[in-house]
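Student: Could you walk me through how to read side-chain pairings in a structure? I would like the general idea and then the case at hand.

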Amino acid sequence: MKTVRNVVIGFFLFFSFVKADGLLIDTSHSEVGFSIKHMMISNVKGKFQEYDAKMDFDIKNKSFRSLKADVTAKSIDTGITKRDNHLRSEDFFEVEKYPKITYEMTSYEASGDEGVMEGLLTIRDVTKKVKLNVTINGVIKDFDGNTRVGFTLEGTINRKDFGLMWNKALELGGFAVGDRVKIIIELETMAI
């Protein structure tokens with residue numbers, strides 16, 4: 001019985017990690033999220049359920065050497081099916097024509113447990129430079145002796161820079177959807 005339990009646990013752990021160069025991303029404790037204004041009065045949050053990344057991180061010097069990420073556009077999830085389908089349509093991500101969102105780091109400036117990452121973000125085949133503020137949340141040894149590193153990456157983009165132009169004017173002024181999108185990425189990783 002103990003052997004069966006160990007096999008099940010091993011199977012779960014194997015499939016809950018996404019392979020990366022230097023680090024494994026624990027997808028069960030990570031999130032690629034965003035926040036945007038709705039009707040100018042509230043923030044709507046969402047996330048992407050499917051993503052992959054290859055990264056090389058110097059644990060000793062707390063500095064990224066490289067990071068390249070792919071996000072599956074159709075995996076967008078705001079918790080409302082009708083809204084998610086609209087976001088997948090030609091009005092926004094047009095996921096059938098542009099299935100991937102990508103980000104590739106071009107430079108990283110470390111400052112202790114913080115840093116600034118600059119890279120190229122591509123949405124709908126439009127590529128722009130985007131800076132992400134990075135916080136290293138900690139480096140620990142887990143119960144099995146593996147080194148784990150936690151990160152928060154945050155930045156802001158203008159969705160219209162990437163061709164996501166749809167909007168609707170409100171009767172009392174303003175618009176249904178804000179232009180500025182906050183990117184909030186939480187990563188828990190394991191060194192390999």
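Student: Which side chains does a polar contact of 2.6 Å join?

Tutor: Those of Asp26 and Ser28. A polar contact is a pair of N or O atoms within 3.5 Å; within protein, one must be able to donate a hydrogen and the other to accept it, and residues adjacent in sequence count only if both atoms are side-chain atoms. Bear in mind that this is a predicted model, where local features need pLDDT of at least 70, side-chain atom pairs count only at pLDDT 80 or more, and totals for chains, interfaces and linings use all residues. Residues are numbered from 1 along each chain as its sequence is written, and side-chain values use heavy atoms, with hydrogens and water left out.

Student: Is Asp26 buried or exposed?

Tutor: Asp26 counts as buried because its relative accessibility is 3%. Buried means under 20% relative accessible area, exposed over 50%, and partly exposed in between (1.4 Å probe, protein chains only).

Student: Which residues are linked with Asp26 in a network of salt bridges?

Tutor: In general, side chains of opposite charge can pair when their charged atoms come close. Here the network links Asp26, Asp142, Arg148 and Glu188; a salt bridge is a side-chain nitrogen of Lys or Arg within 4 Å of a carboxyl oxygen of Asp or Glu. The closest N and O atoms are 2.9 Å apart for Asp142 and Arg148, and 2.8 Å apart for Arg148 and Glu188. At 14% relative accessibility Arg148 is buried, while Glu188, at 26%, is partly exposed.
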